[in-house]
Amino acid sequence: MIQFVETSVDSAEAQELLGEYFAERAVGFPPEQGVYRPTFPSAEQFTGRAGQFLLAREDAPGEAGDGALLGCGGVRRIQRADAGLVRFEVKHLYLRPAARGRGLGRALLAELERRAAELGAEEIVLDTNANLESAGALYQRAGYSDIAAYNANPNATNWYGKRIG
């Protein structure tokens, strides 16, 4: 059974997964775009009403508790330039390679959306890189559409948004 467990981005497990995520991104980053620049998130961005950071776990049949660590992701409130809708951003959605291809990315994204809505989100945005084709396809299948760049992330080439609530 898959569980989504809120944690601090400073926890050992979150740091382990974020380290894997950034290492994988650095290896696969298009050389023509320069050097991948990881930015570890700060805990206050994903705490309380500001947002949440989740671990995805899978318990073995008949067990409950601290199952195998599959991935992570977070949502955080960000300011909208025109002070319109309450905007949250999806950050660091990552699944370990062995967990991919099972629909867990979509399930984790849906859980992040649900939690953002509970925190008052009216719109969710995210950025990604065009070389992450499966991520772009996931976001489009989940109802996200292309939007103008809302940040200056040097690692991003594509920005997506979705109204919720």
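1. Glu24 and Arg100 join their side chains in a salt bridge, at 2.9 Å from N to O; the term stands for a side-chain nitrogen of Lys or Arg within 4 Å of a carboxyl oxygen of Asp or Glu. The pair links distant parts of the chain, with Glu24 in helix α1 and Arg100 in the loop between β4 and α2, 76 residues apart. Glu24 is partly exposed at a relative accessible area of 36%, and Arg100 is partly exposed, also with 36%. Buried means under 20% relative accessible area, exposed over 50%, and partly exposed in between (1.4 Å probe, protein chains only).

2. The model is predicted: local features need pLDDT of at least 70, side-chain atom pairs count only at pLDDT 80 or more, and totals for chains, interfaces and linings use all residues. Residues are numbered from 1 along each chain as its sequence is written, and side-chain values use heavy atoms, with hydrogens and water left out.

3. Helix α1 covers residues 12-28, 17 residues in number, and spans 24 Å from its first C-alpha to its last, close to the expected 24 Å (1.5 Å times one less than the number of residues). Helices (H or I, at least four residues) and strands (E, at least two) are DSSP runs, numbered from the N terminus.

4. The buried residues of α1 are Ala14, Leu17, Leu18, Tyr21, Phe22 and Arg25. Down the helix axis they fall within an arc of 135°, so they line one face of α1; the arc is taken over directions from the axis to the C-beta atoms. Ala12 and Val27 are exposed on the other side. The cover over the buried residues includes β1 (2-7), β2 (51-58), β3 (68-78) and β4 (87-95), contact meaning heavy atoms within 4.5 Å.

5. Eleven salt bridges are present in the structure. In one of them, Arg96 pairs with Glu16, with the closest N and O atoms 2.5 Å apart. Arg96 lies in the loop between β4 and α2 (104-118) and Glu16 in helix α1, so this pair ties together parts 80 residues apart in sequence. Glu16 is partly exposed at 40% relative accessibility.

6. Arg102 forms a salt bridge with Glu58 at 2.7 Å between the closest N and O atoms. Glu58 is in strand β2 and Arg102 in the loop between β4 and α2, so the pair ties together parts 44 residues apart in sequence. A network of salt bridges links Glu111, Arg114, Arg115 and Glu118.

7. Ala50 sits in the loop between α1 and β2. Beyond its neighbours within four places in sequence, Ala50 contacts Glu44, Gln45, Val75, Arg76, Arg77 and Phe88.
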